[in-house]
Amino acid sequence: MSTLLQELIAKGLLIPTGVDGVYGRGGVFEDVLLRFDGYISRLAIEDKADVMRFPPLVTRENFEKSGYLKSFPHLAGPVFSFNRPPADHATLLERVQAKEPWGDMLEMTDTVLTPAACYPVYPTLAHAPLAKGGRLVDVLSYCFRHEPSIDPARMQMFRMREFIRIASAEECHAWRDQWIERAGHWLQDLGLPAESAVANDPFFGRGGKMLAANQRSQELKFELVVPIATPESPTAIMSFNYHQEHFEKTFGITQADGEVAHTACVGFGMERVTLALFKFHGLDPDKWPAGVRDRLFG
Ligand code: ATP
Ligand code: ZN
């Protein structure tokens, strides 16, 4: 266990569950996270984004369509449930009692845990062409990724607040780029010296290496990183993605003029930002620098 994780647990900021990467949040941790959420809302108020909130699930149909399994089969969290005659119930309980595997007695349901907060949004935009100027959507959701780790900044379930721009290629690109600078200032104002870097997603397998190289050479993904638990490899607290027309082609989203739309999204890792605040300013928010306190709690 990392020292930072031990300290967070000792302070009651995170509550261990016995599974790596799955934690309860203590009151102080949660308060800081919600204050940061409020800070984003205040600073972005003039953007007038359409707020959407989904439960942390996507439909299996849309998940399959999205192409997630091509790139990240190892991270997915499909939901399974017991759907057998009552006669099989006793067998299920016996297997559990005997600590034998029981997964084969379950059946896939119509839902999958949300892998990124923006996933439920795209299919909802497919019904009619977008209005002129496109859309700007604001989402926040718990997201699941099966990446158990003892790094407190790599959780299996964590919240992502995202803004999603759906518009022309030029608009999406420019919007994404100006957000890197904008968010960098917001984080600096909270005493977090985040640096921007070109990045790639953790694509699966051998083919994944090529996808990652393509993503980097086209500069489709940037991150703002700060050192949290591992000083030698800083952690992404925000991501800025330009998806080109991937989601629009997949779900059939068109602009007002009938052209296929493009999308970009910017995502705040809410737990990671919260952890960075504790890492940089100490575990007691009452003792944080006045400027940081004013901006978050003022
Ligand atoms: P990483 O490279 O660290 O695995 P990622 O590239 O997979 O991150 P994105 O898919 O861009 O991250 O997710 C958006 C944001 O969500 C990230 O910038 C990060 O702040 C946060 N995030 C991603 N994975 C995790 C995780 N396992 N635990 C906590 N926050 C996460
Ligand atoms: Zn996204």
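**Close-up views of a predicted model**

**View 1. The buried side of helix 11.** In helix 11 (residues 290–297), Val 292, Leu 296 and Phe 297 are buried (buried means under 20% relative accessible area, exposed over 50%, partly exposed in between, with a 1.4 Å probe and protein chains only). Seen down the axis, these buried residues fall within an arc of 95°, so they line one face of helix 11; the arc is that of the directions from the helix axis to the C-beta atoms. Their packing partners are helix 2 (27–43) and helix 10 (270–281), where contact means heavy atoms within 4.5 Å. Ala 290 and Asp 294 are exposed, on the face turned away from the buried side. Helices (H or I, at least four residues) and strands (E, at least two) are DSSP runs, numbered from the N terminus.

**View 2. Lys 279 in helix 10.** Lys 279 counts as partly exposed because its relative accessibility is 40%. Leaving aside neighbours within four places in sequence, Lys 279 is in contact with Leu 4, Pro 227 and Ile 228. Its side chain reaches the backbone oxygen of Ile 228 at 3.5 Å.

**View 3. The zinc ion (ligand 2) and its donors.** Cys 118 (SG), Glu 162 (OE) and Cys 265 (SG) coordinate the zinc ion at 2.1 to 2.3 Å. Cys 118 lies in the loop between strand 6 (106–113) and helix 6 (121–124) and Cys 265 in strand 12 (residues 262–269), so the pair ties together parts 147 residues apart in sequence. Both Cys 118 and Cys 265 are buried. Donors are N, O and S atoms within 2.8 Å of the metal (3.2 Å for Na, K and Ca); water is not among the atoms, so sites may look incomplete.

**Notes.** Residues are numbered from 1 along each chain as its sequence is written, with chains lettered from A and ligands numbered from 1 in the order in which they are written. This is a predicted model in which local features need pLDDT of at least 70, side-chain atom pairs count only at pLDDT 80 or more, and totals for chains, interfaces and linings use all residues, while side-chain values use heavy atoms, leaving out hydrogens and water.

Key:
A polar contact is a pair of N or O atoms within 3.5 Å; within protein, one must be able to donate a hydrogen and the other to accept it, and residues adjacent in sequence count only if both atoms are side-chain atoms.
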